[in-house]
Amino acid sequence: MDNLDTPVEVQRGERRPDTVRVRIGPYYGLVLPSQAHVAALTTTKMRDLHKRLQAFPFVFDDDHADNEQAFQELLLSPYTAIIELNDDQGVFIATELHPRRTASVHALFWDRSLADKVQLCRDMLAWLFNTFDLHRIEVYLPMLRAYTSDSNVNVLVEHKPSKSFNDRRLDPLCRAAARFNTKVGMRLEGRLRESFLRFGEWHDTFVFGLTRARLEVLYG
C-alpha cells in the first residue's frame, strides 16, 4: 500500500473511499497533518518497523513477537493504514479499518515522549474520522505487569481500571500510554480480563473508545 488515495478492493465489492469529506467541527476538508506522511511499505521498511516495535512490549503477544511474516501481512492488508511521523518521530497505525464503521489505532513514538504529541494525535484521529467516514475509533491497550516478586498476580483485579494508571506494579510504558489516551480524548470503556499473553503470562487489556459525537464535542 504505497498511497491511501488509491482505492483498494475489499470484501463484498466495497471500495475504501479515497476522498470522503465529513464535517467534524473545524476539521472539514482535513488533509493529512503536515507532520506526517503515508509510509512506503517496502520489505526493508516493514522489517525495520517490526524490529523497532519490539521496544514496546504491549504491541505483540507471545504468538506474534517473532512472526515477521504475519506482521507484514497485517501491514499490507487493505484494512490497514500506516502513517509515519516526520523527522523519524514515530508511527501511527490504523488496523481493522472499515469505512463508515470502526478502526483500531496504535500510536507509537520512538523517543517515548508523549507530552508534546497530544495535539498531533488528535489531528491524526480527526483525519481518520474524516477520510474514512468513521463512526468510532478504538484502542486496545494490554496492561503488562512490571517484573516484581508478585508479577504473577493480576493486580488489576484489586481496584477500578482508572486507578491502575498510577499502579507502579504495572509496566510504566503501559501506564503512560493509558494516561495519554485519556488526554487525547479517549474514554476508558472497559477491561478484557487475561486476554493478552505476553512473556508467558496472561494480562488484562484496557479498551478505550472515541465516537464521532464525542469528537465533535471535544474538537468543535
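Reader: What does Leu-74 touch, not counting residues up to four places away in sequence?
Author: In this predicted model, Leu-74 touches Thr-80 and Thr-95 once residues up to four places away in sequence are set aside, where contact means heavy atoms within 4.5 Å. Residues are numbered from 1 along each chain as its sequence is written, and side-chain values use heavy atoms, with hydrogens and water left out. Because the model is predicted, local features need pLDDT of at least 70 and side-chain atom pairs count only at pLDDT 80 or more, while totals for chains, interfaces and linings use all residues.

Reader: How far apart are the C-alpha atoms of Leu-74 and Thr-95?
Author: They are separated by 8.0 Å, although the two residues lie 21 residues apart along the chain.

Reader: And where is Leu-74 placed?
Author: Leu-74 is in helix H2, a helix being a DSSP run of H or I with at least four residues, and a strand a run of E with at least two, numbered from the N terminus.

Reader: Switching to H5, which of its residues are buried?
Author: In helix H5, residues 212-219, the buried ones are Arg-212, Leu-215 and Tyr-219, where buried means under 20% relative accessible area, exposed over 50% and partly exposed in between, with a 1.4 Å probe and protein chains only.

Reader: Why are they on the same side of H5?
Author: They cover an arc of only 55° around the axis, which puts them on the same side; the arc is that of the directions from the helix axis to the C-beta atoms.

Reader: What covers them?
Author: The cover includes helix H3 (118-132), helix H4 (172-184) and strand S7 (201-211).
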